[in-house]
Structure formats: structure tokens, C-alpha cells
Amino acid sequence: MTDTVLVPPEHTAPTAFTRAQLDWLPWLEPLAVEAMTARHMASLVDAARVKSPYFRLLARDPDALEARTRTDKDIFYNPDAGLPRAERELAAAATSRFNGCLYCASVHARHAATYSKREADVQRLLDTGVSADLGERWNAIVAASVALTATPCVFGPEHVDRLRRSGLDDLAIADVIHAAAFFNWANRLMLSLGEPAAPAD
Amino acid sequence: MTVPGTDIDVIDALVGITPGSPLSAIRARRPDARAHAQATYRALFAPEAPGNITAQERLAVGAFVAGLHDATVVAGHYAARLAQSGASAALREAVDAATAEARTSGPYGRYPAGPLSREDTAGVSYRVGTAIRSTLGPRLTAAFEHVHMLVFHPRDAAPAALQALLDAGWSTTDIVTLSQIVAFLSFQIRVVIGLRTLAGRPPTREVTT
């Protein structure tokens with residue numbers, strides 16, 4: 001048994017939720033680029049991800065990684081109606097805020113702010129937490145994401161009704177469900193296989 | 001309930017989605033998410049290359065994760081597949097006993113010291129009971145303790161938790177797969193509960209079709 005836990009290099013751990021770009025340092029050895037087979041490379045889906053230690057670590061189970069990534073992309077990037085991209089990202093950010101994943105929250109708060117142009121509301125979600133008042137439609141999306149993220153889940157008909165009253169159709173509600181559910185997947189990998197680091201000044 | 005094989009879409013089966021239904025049409029609008037959620041299920045629970053993790057270990061973890069979520073419909077599926085895999089009655093009872101003793105509610109845990117410390121929430125770090133440990137064996141005992149953290153308090157994750165898995169015989173690659181099993185199930189369970197609720201079905205009762 002030669003496998004070991006990695007000791008990350010000297011770094012500054014972020015102590016607050018932020019929209020700033022963070023690094024991620026693995027606690028287990030990613031595959032070395034030169035050791036990656038064609039199957040490993042294909043599992044990255046985007047070739048540029050070979051630069052990411054996170055994806056090279058997950059590539060150790062290439063079938064699971066590839067299917068994870070293709071699920072992710074359709075939930076967040078499929079442009080066919082449903083929930084606007086900004087609000088899919090809001091559900092991801094709210095889920096990450098509630099689970100406590102600073103890295104995922106930083107990425108998806110950034111996306112939510114970019115697509116919605118509502119930087120102040122997104123920042124309030126990060127600063128105050130999932131009880132922040134973001135206006136009724138966003139409050140409904142955050143509340144649904146949080147109810148689904150609780151373990152056991154406490155998502156119920158009242159959350160569906162509130163989303164409907166906020167103007168979401170059933171495809172949009174299914175998008176909220178999938179976006180929050182997916183970040184329960186992503187948060188657990190990001191939180192448990194490595195740690196975030198603030199960028200060096 | 002029916003026990004779908006890996007060629008039947010498991011989310012459709014567990015939600016009770018039939019061809020031509022409104023929810024089937026909604027899932028068809030996100031075809032890659034539907035197909036690749038199923039592909040992930042196959043990769044983790046019926047892998048072409050199982051590596052060092054046995055089918056029984058995968059399904060025991062699956063039954064434990066779903067049981068901790070109190071997600072009856074999904075837990076029934078993994079418990080049934082665990083039984084089909086030839087798991088002993090003793091192992092199945094140990095999984096049930098672990099689930100019963102480990103249940104709590106999350107997410108809880110601690111943040112790095114600083115302004116978020118005011119949000120630190122206390123909760124248990126699960127240790128498998130002595131009566132169950134010998135039946136589970138050292139690998140599954142270490143796995144269940146890690147799985148409980150991932151399910152209920154993932155922000156408490158730390159390198160020492162991974163060292164405990166390495167010490168129990170899980171390789172780096174095995175840990176990636178184990179982590180994917182727990183993380184994927186955290187997604188699958190929520191999609192099933194969410195879509196059942198959207199369809200107006202109780203989220204935690206057995207599928208009757």
C-alpha cells in the first residue's frame with residue numbers, strides 16, 4: 001500500500017464565502033498527465049480540464065466522471081426553455097452555501113451574478129446565508145434548494161406551490177430540483193477530496 | 001415495488017414515470033441529464049471494471065446512504081439489489097442496524113476559524129457500533145463512518161478521514177469511486193424525491209406500479 005494523503009503546500013484558507021476566484025488543492029494524488037490513457041482523457045469531456053487536479057483525481061474512475069460531467073452540462077447549459085441560466089446558478093450557489101462548500105459557492109455565485117446582473121443580491125446570499133431576502137422569486141428558489149438539500153429532505157408540495165406562484169412552470173421547477181440535487185453531488189466531492197485556497201496576492 | 005435492472009432507467013422507475021406522461025416529457029427536454037444519470041448509476045453499481053470494490057460493498061453503501069436519507073423508495077431499491085447480490089442475511093441486518101443507529105439530520109459541521117465560526121453547528125461523528133463492526137468488516141466499517149460524514153456533515157471533511165480509509169485498505173482510486181457513490185446517490189435521491197413531489201406523489205412511499 002503506497003497510496004498516501006497529500007499535504008497541500010502553504011496556502012491561505014478562505015474563511016468567508018466569496019465570489020473571488022479560488023484554487024483547489026487535492027488531498028489525494030491526481031493522475032499524472034503522462035500516465036493518463038485515452039479513456040482517462042476522454043472522461044474529462046473538455047480537454048482543457050487536464051490542467052485541473054480535481055478532474056485528474058476524479059478521472060481515476062473515468063466512467064463515473066464522464067457521466068457526471070455530461071449530467072452537469074445538460075442541467076446547467078441546456079438552453080431549451082425551463083429555468084433561466086442565472087437561476088439554475090442561483091440554486092447551485094444556495095445549495096453550496098447551505099452545505100458549506102466555499103469553493104462551489106464561489107464559482108456558482110460568480111455565474112449567478114454574471115447572468116443575472118444582481119451582484120448585490122448574490123453577495124447578500126453569500127454574506128447572510130440562505131435566509132437572505134432576495135425578493136420572492138429568488139427566495140422561493142433558494143427555499144426549495146435548501147429544503148431539498150436538508151438530509152433527510154424536507155422538500156414538499158408547499159415548495160412546488162411557491163415556485164408555481166412565482167411563475168415557474170413544471171420544466172423550470174424540474175430544473176430547480178436538478179440544479180440543487182446536482183450540487184449535493186458536487187459539494188460532497190469538492191469538500192471531501194481537497195480544500196479551497198485563496199489566490200496568492 | 002419493481003426492482004429495475006440496470007437497463008431500466010432507475011429514476012423513472014423510482015419516481016413512477018411512465019412513457020407519455022408529463023414528467024416523461026419534462027425529462028425528455030434534458031436528454032443528456034436523463035441518460036447520463038443512468039450511465040452514472042451503471043458505472044457505480046454495475047461497472048464494466050469493478051476494480052477493488054465488490055458489488056456487495058457498492059450496494060451495501062448504497063442501501064446505507066439511501067437509508068440515512070430516510071428515502072424509502074430509493075432505499076428499498078438498493079436493499080433489494082443487495083439481497084440479489086447474494087449478501088448474507090447477517091450483512092443485510094448489519095446495514096439496517098447501522099442505518100438505524102446512524103440516523104440524524106444535516107447539514108451540520110464546522111467552518112475554518114473566522115467569521116463563519118458563528119455558523120458552526122454541532123453534530124455526531126458516527127462510529128460504527130461494536131455489535132456491527134465484525135459483520136461489516138474493517139473495509140465497510142471505515143467506509144460507513146466516512147459515508148456518514150459525507151451524507152450529514154460534509155464540511156467536516158479532512159485529510160484524516162481519507163487516511164482512515166487508506167488504513168482500512170481502500171486505495172486512492174477506490175476512495176474516488178466510494179466518494180462518487182455517496183455523492184451521486186445524494187443527487188439521485190433528491191431527484192427522485194423532487195420529481196415525485198412535483199408529480200403530487202408522496203416522496204417516501206413505495207412505488208406501487
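Helices (DSSP runs of H or I, at least four residues) and strands (runs of E, at least two) are numbered from the N terminus. The model shown is predicted: local features need pLDDT of at least 70, side-chain atom pairs count only at pLDDT 80 or more, and totals for chains, interfaces and linings use all residues. Residues are numbered from 1 along each chain as its sequence is written, while chains are lettered from A and ligands numbered from 1 in the order in which they are written.

**View 1. B:Phe184 lies in helix 9 of chain B.**
Helix 9 of chain B covers residues 172-198. Is B:Phe184 buried or exposed? B:Phe184 counts as buried because 26 C-beta neighbours lie inside 10 Å. A residue is buried if 20 or more other C-beta atoms lie within 10 Å of its own, exposed if 12 or fewer, and partly exposed in between, with C-beta atoms placed from the backbone. Residues up to four places away in sequence aside, B:Phe184 touches A:Trp185, B:Thr40 and B:Leu44. Two residues are in contact if their C-beta atoms, placed from the backbone, lie within 7 Å. B:Tyr41 is 143 residues from B:Phe184 in sequence, and their C-alpha atoms are 8.0 Å apart in space.

**View 2. B:Thr197 is also shown, in helix 9 of chain B.**
B:Thr197 counts as buried because it has 24 C-beta neighbours inside 10 Å. Which residues does B:Thr197 contact, leaving aside neighbours within four places in sequence? They are A:Phe155, A:Gly156, A:Pro157 and A:Val160 in chain A, and B:Pro203 in chain B. Between the C-alpha atoms of B:Thr197 and B:Val15 there are 9.2 Å, although the two residues are 182 apart along the chain.

**View 3. Helix 9 of chain A crosses helix 9 of chain B.**
Two packed helices are described by the angle between their axes and the distance between the axes. Here the axes come within 8 Å and cross at roughly 160°. Therefore helix 9 of chain A is roughly antiparallel to helix 9 of chain B. Axes are lines fitted to C-alpha atoms, for helices over the stretch in contact, and angles run from 0 to 180 degrees between N-to-C directions. Angles under 35 degrees count as roughly parallel, over 145 as roughly antiparallel, 65 to 115 as roughly perpendicular and the rest as oblique. The crossing of helix 9 of chain A and helix 9 of chain B is right-handed. A crossing is right-handed if the near helix is turned clockwise from the far one by less than a right angle, and left-handed if anticlockwise. By class, the residues of this contact are 15 nonpolar, 6 polar and 3 charged. Ala, Val, Leu, Ile, Met, Phe, Trp, Tyr, Cys and Pro count as nonpolar, Asp, Glu, Lys and Arg as charged, and the others, Gly among them, as polar.

**View 4. Chain A and chain B meet at an interface.**
In this interface, 54 residues of chain A are in contact with 55 residues of chain B. Several helices of chain A supply at least two residues each to the side that touches chain B, including helix 3 (62-77), helix 4 (85-99) and helix 9 (170-192). Which helix of chain A gives the most to that side? Helix 9 of chain A does, with 16 residues. The side of chain A that touches chain B has 30 nonpolar, 12 polar and 12 charged residues.

**View 5. Helix 7 of chain A packs with helix 8 of chain A.**
Helix 7 (residues 136-149) and helix 8 of chain A have axes 9 Å apart, at an angle of about 160°. Helix 7 of chain A is therefore roughly antiparallel to helix 8 of chain A. Their crossing is left-handed. A:Ala140, A:Ala143, A:Ala144 and A:Ala147 of helix 7 meet A:His159, A:Arg162 and A:Leu163 of helix 8. This contact has 5 nonpolar, 1 polar and 1 charged residues.

**View 6. Chain B has 9 helices and 0 strands.**
Along its principal axes, the C-alpha trace of chain B spans about 50 × 45 × 30 Å. Of its 209 residues, 50% are buried. Among contacts in chain B with a separation of 6 or more, 69% are between residues 24 or more positions apart.
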